[in-house]
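Colleague: Please take a close look at one part of this model for me. I would like the charged pairing first, then its surroundings.

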Amino acid sequence: MESRMEGDVYSGFGERYQMDGKLLQNFQKSFVQVQDILDQNRLLINEINQNHESKQADNLGRNVGLIRELNNNIRTVASLYGDLSHSFARSIDASSEGESTGTLKSDGKANNQKRFRSG
């Protein structure tokens with residue numbers, strides 16, 4: 001019985017590692033996208049401030065488009081964070097379901113209890 005349980009733990013670990021690896025890659029990709037957008041927003045804000053300080057009609061008019069671009073970027077960042085949150089929650093749910101099938105937890109004790117997320 002001991003070797004069967006160890007085998008279950010190791011096969012579960014491999015599957016979880018692959019899932020976690022993919023999840024980590026998606027997180028890294030999304031965080032790079034977010035950071036690029038935030039860097040772009042910093043430049044937009046600087047330009048908007050310079051245009052505002054100049055008080056020139058052309059520059060103030062240009063700010064309208066820059067502020068729209070800034071708002072779109074903020075929506076994109078919020079969407080990326082929402083996707084990340086959803087992916088993370090799905091990962092946690094999948095992990096919890098895997099633990100509820102009678103596999104061993106990291107402390108070596110059997111886990112036969114189903115976990116439920118509220119909400």
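Modeller: Arginine 62 and glutamate 47 form a salt bridge, with their closest N and O atoms 2.8 Å apart. Arginine 62 belongs to helix α2 (residues 57–99) and glutamate 47 to helix α1, so this pair ties together parts 15 residues apart in sequence. The model is a predicted one. Side chains of opposite charge can pair when their charged atoms come close.

Now the accessibility of the two partners. Arginine 62 has 44% relative accessibility, so the residue counts as partly exposed.

The whole structure holds 2 salt bridges. The other pairing to look at joins the side chains of aspartate 39 and arginine 42, at 3.0 Å from N to O. Here both residues sit in helix α1, 3 residues apart, which is about one turn of the helix. Aspartate 39 is partly exposed, at 29% relative accessible area. Arginine 42 is partly exposed too, at 48%.

Next, asparagine 41. This residue lies in helix α1, which spans residues 2–54. Its relative accessibility is 6%, so asparagine 41 counts as buried. Beyond its neighbours within four places in sequence, asparagine 41 contacts Leu70, Asn73 and Ile74.

Serine 30 is another residue of helix α1. Its relative accessible area is 12%, so serine 30 is buried. Setting aside residues up to four places away in sequence, serine 30 touches Leu80 and Leu84.

Then there is the surface. Leucine 38 is in helix α1. With 34% relative accessibility, leucine 38 counts as partly exposed. Together with Phe31 and Tyr81, Leu38 makes a nonpolar surface patch of about 270 Å².

Finally, the chain as a whole. Its secondary structure comes to 2 helices and 0 strands. Of its 119 residues, 18% are buried; asparagine 41 and serine 30 are among them. The accessible surface of the chain is about 9,200 Å², and carbon and sulfur atoms account for 52% of that. Among contacts with a separation of 6 or more, 53% link residues 24 or more positions apart.

Back to your pairing: arginine 62 in helix α2 and glutamate 47 in helix α1 form a link between the helices, whereas aspartate 39 and arginine 42 both lie within helix α1.

Note on methods: Residues numbered from 1 in each chain as written. Predicted model: local features only at pLDDT ≥ 70, side-chain atom pairs only at ≥ 80, totals over all residues. Heavy atoms only, no water. Helix = DSSP H or I, 4+ residues; strand = E, 2+ residues; numbered from the N terminus. Buried < 20%, exposed > 50% of the residue type's maximum accessible area, 1.4 Å probe, protein only. Contact = heavy atoms within 4.5 Å. Patch = residues over 30% accessible without salt bridge, like charges linked within 9 Å, V, L, I, M, F, W, Y side chains within 5 Å. Areas by Shrake-Rupley, 256 points an atom, 1.4 Å probe, with all protein chains shown as cover. Salt bridge = Lys/Arg side-chain N within 4 Å of Asp/Glu carboxyl O.
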